Amino acid sequence: QLAEKLSLDLARRLREAELRASKAEEEKANTEERLAGLRRSLCRRFELDYDMVHDGADHYEGFVKDQTPSFWGVCRYGNGELAGLRR
């Protein structure tokens, strides 16, 4: 009986964890959609382009105005550090 009770409890906890993970994935997808919409809106409003560049292990992403070296965004360095950019 104890083994059956523990098995049922474990199954219940697993279902709860799966539900939480599913909700987190849904929230992440919704957030990514909202962020993409915001990027599109900013690009239209301020006549910007949004771009991502990979330079080895470093990952840059942000907004570029025309072909000038103006760049606003963020860099995720290969070592895990995060830095805001404005050139």
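In this predicted model, strand β1, which covers residues 48–55, runs antiparallel to β2, and 8 bridges join the two. The two strands form a hairpin with 2 residues between them, and here Gly56 adopts a positive phi near 65°.

A search of the whole structure for aromatic pairs returns 1. That pair consists of Tyr50 and Phe63, with 5.3 Å from centre to centre and 65° between the planes. The arrangement is classed as edge-to-face because planes over 60 degrees apart fall into that group. Distant parts of the chain are linked in this way, as Tyr50 belongs to strand β1 and Phe63 to strand β2, 13 residues apart.

Attention now turns to charged side chains. Side chains of opposite charge can pair when their charged atoms come close. Across the whole structure, the search finds 5 salt bridges. One of these joins Arg13 to Asp9, with 3.2 Å between the closest N and O atoms. Both residues sit in helix α1 (residues 2–46), and because they are 4 residues apart there, about one helical turn separates Arg13 from Asp9.

How values were computed
Residues are numbered from 1 along each chain as its sequence is written. This is a predicted model: local features need pLDDT of at least 70, side-chain atom pairs count only at pLDDT 80 or more; totals for chains, interfaces and linings use all residues. Side-chain values use heavy atoms; hydrogens and water are left out. Two strands pair if DSSP finds at least two bridges between them. Rings of Phe, Tyr and Trp (its six-membered ring) pair if their centres lie within 6.5 Å; planes under 30 degrees apart count as stacked, over 60 as edge-to-face and the rest as tilted. A salt bridge is a side-chain nitrogen of Lys or Arg within 4 Å of a carboxyl oxygen of Asp or Glu.
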